[in-house]
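Subject: Structure handover

Hello,

Please find the structure below. My notes on it follow.

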Amino acid sequence: PIVELPGESHVVRTGLGATAKAGRAKRRKPLLAFAQLSDVHVVDAQSPTRLEDKDGLDSPRSPSACRPQEVLSGHVADAMVREINAIGSGPVTGRSLAFAIQTGDNSDSTQYNEIRWNIDVLDGETVRVDSGDLTKYEGVMDQDPAFYDTMFWHPDGTPAGKTDDDYRATYGFPTIPGLLDAARQPFEAEGLAMPWYAAMGNHDGLWQGQFGVTDSLRAKAIGSVKSTSKGDRTITPDPDRRLLERVEWVQEHFTTTSTPVGHGFTEQNLTDETAYYTFDQGKVRFIVLNTVAEFSDKGDLDPTQLNWLKAQLGASRRKLVVVASHHPLASFAERTLADRISRLLASYDNVIAWVNGHTHTNNIWSHPRKEKGKVVGGFWEINTASHIDWPQQSRLLEVTDNKDGTVSIFATMVDHGGPVVSVEDVDLANPVQLAGLSRLLAANDWQERDKSRRGKRSDRNVELLVPAPKFLR
């Protein structure tokens, strides 16, 4: 079961040449508060392009392409929006949240319907996370006896003449009759009560987060054949499952009922077919990167974007700079490139943080700058867990000028608004309760039992100190 405990206090972290001076709480001036959402992974669980047929080839067999909670991804996104709206301000400074930013993998596999569901949840539209035949679920978790596979969880139970699935027989998962039908019902999303911005992740730009889109994949996505470990299954085709090119994915952010139109992306991005940009919030400039490689799930930055980054840094010397992207430096394919970018950012005394996701784990890394062997500055890399896997968290971030030659970045974990529920008592007609059920399923997913996605204590609620740049001193 999930239990509810008090929130954690903020651990003070130094190490970049700034000391935690007494009395700074009384002196500090709030500069900015905002929310970070990452790896929402709104999933079309019935898509023909999913890799459930490949899992039967694994040794040992693993249902890694199908999490038990994936059918509730849209409900979790809405519950997170509701919680961020309810909080409304930074818990340390009390400053109103100026905006939210999604740091990639907002959709699961660059499908049109997935990114539309994601945008519509944040916009506060009516959302129905369903595709194909809207009268029934057509995926590996259903009870079709011809394609019943014990490798996957079947919440409606076991078809006649079949054995219980591994999730129930081995790991104690329950039956929850009606869950698949409940997950497919329309619900009214609340919508963020603030502007929001987006960065592209590898699952937004690549099929299954790893592969470029080909003509054969495009045909498969909108087709009627779903490959399973039991053979090819005929399902209802859906043109809204079409796979998007990068520029098409960016274009969708201009079809919105919230602000800013484009959600950070500009007409220049559409013209140049790029997905990186900047925006300002008071004394803070955000440089949003596209770290998606042409192939593979690793991070990358091509020479053109790297030169653009250098130009933006040079033009931002009178601002505090926060970089945002999907991949952390630890997930870049080329270690030499990651080290080069780290040194570049650390060389600017006004770059204070890099906010990212991808790992589905809470991490915070320091990137120090040294002069004559002494640490004199640098930046913090703030890596935040996902909505799709346990612990299903986001972060609130607050920036303060401590008026003593230091700047603090407060990072606070946020659990989404889905309540603590039990399998026996969950109301399947309540979308927010379904989000609570998703958290319970995610916490019990046996594939995750060896993961430590919550991170260490010092990766969660923290106060990160950096020396103030010259223009603040």
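At what angle do helix α11 and helix α12 pack, and how far apart are their axes? Before the reply, some conventions. This is a predicted model, in which local features need pLDDT of at least 70 and side-chain atom pairs count only at pLDDT 80 or more, while totals for chains, interfaces and linings use all residues. Residues are numbered from 1 along each chain as its sequence is written, and side-chain values use heavy atoms, with hydrogens and water left out.

Helix packing

Two packed helices are described by the angle between their axes and the distance between the axes. Helices (H or I, at least four residues) and strands (E, at least two) are DSSP runs, numbered from the N terminus. Axes are lines fitted to C-alpha atoms, for helices over the stretch in contact, and angles run from 0 to 180 degrees between N-to-C directions.

Helix α11 (residues 303–314) packs on helix α12 (residues 335–346) at about 10°, and the axes are 11 Å apart. The pair is therefore roughly parallel; angles under 35 degrees count as such, over 145 as roughly antiparallel, 65 to 115 as roughly perpendicular and the rest as oblique. From α11, Leu306, Leu309, Lys310 and Leu313 meet Leu337, Arg340, Ile341, Leu344 and Leu345 of α12. Contact means heavy atoms within 4.5 Å. By type, the residues of this contact are seven nonpolar, no polar and two charged. In that division Ala, Val, Leu, Ile, Met, Phe, Trp, Tyr, Cys and Pro are nonpolar, Asp, Glu, Lys and Arg are charged, and the others, Gly among them, are polar.

For helix α3 (residues 73–87) and helix α13 (residues 431–443), the axes come within 8 Å and cross at roughly 105°. On the α3 side the contact uses His75, Val76, Ala79 and Arg82, and on the α13 side Pro431, Val432, Leu434, Ala435 and Ser438. Six of the residues in the contact of α3 with α13 are nonpolar, two are polar and one is charged.

Overall

The protein has 13 helices and 17 strands. Its radius of gyration is 22 Å, close to the 23 Å that the globule rule gives for 473 residues, so the protein is as compact as a globular protein of that length. The radius is taken over C-alpha atoms, and the rule is 2.2 Å times the number of residues to the power 0.38. The C-alpha trace spans about 75 × 50 × 45 Å along its principal axes.

Of the 473 residues, 59% count as buried; buried means under 20% relative accessible area, exposed over 50%, and partly exposed in between (1.4 Å probe, protein chains only). The protein exposes about 18100 Å², 48% of it supplied by carbon and sulfur atoms. Accessible areas come from the Shrake-Rupley method with a 1.4 Å probe, and for residues only the protein chains shown count as cover. Among contacts between residues at least 6 apart in sequence, 74% join residues at least 24 apart.

Arg13 and Asp459

Arg13 is in strand β1 (residues 11–13) and counts as buried, at 18% relative accessibility. Beyond four places in sequence, the contacts of Arg13 include Ile364, Trp380, Asp459 and Leu464. The C-alpha atoms of Arg13 and Leu464 are 5.1 Å apart, although 451 residues separate the two along the chain.

Asp459 lies in the loop between α13 and β17 (462–467) and is buried, at 2% relative accessibility. Leaving out residues up to four places away, Asp459 touches Arg13, Asn362, Asn363, Ile364 and Arg395.

Backbone items

Most residues other than glycine have a negative phi, and most peptide bonds are trans. The items to check are these:

- Thr259 and Pro260 are joined by a cis peptide bond, with omega about -10°; Pro260 is in the loop between α9 (246–252) and α10 (267–272).
- Trp390 and Pro391 are joined by a cis peptide bond, with omega about 15°; Pro391 is in the loop between β14 (374–383) and β15 (393–401).
- Asp39 has a positive phi, near 50°; this residue is in the loop between β2 (29–37) and α2 (52–55) and is buried, at 0% relative accessible area.
- Lys403 has a positive phi, near 60°; this residue is in the loop between β15 and β16 (406–415) and is partly exposed, at 49%.

Lys26, in helix α1 (residues 24–27), is exposed at 81%.

Regards
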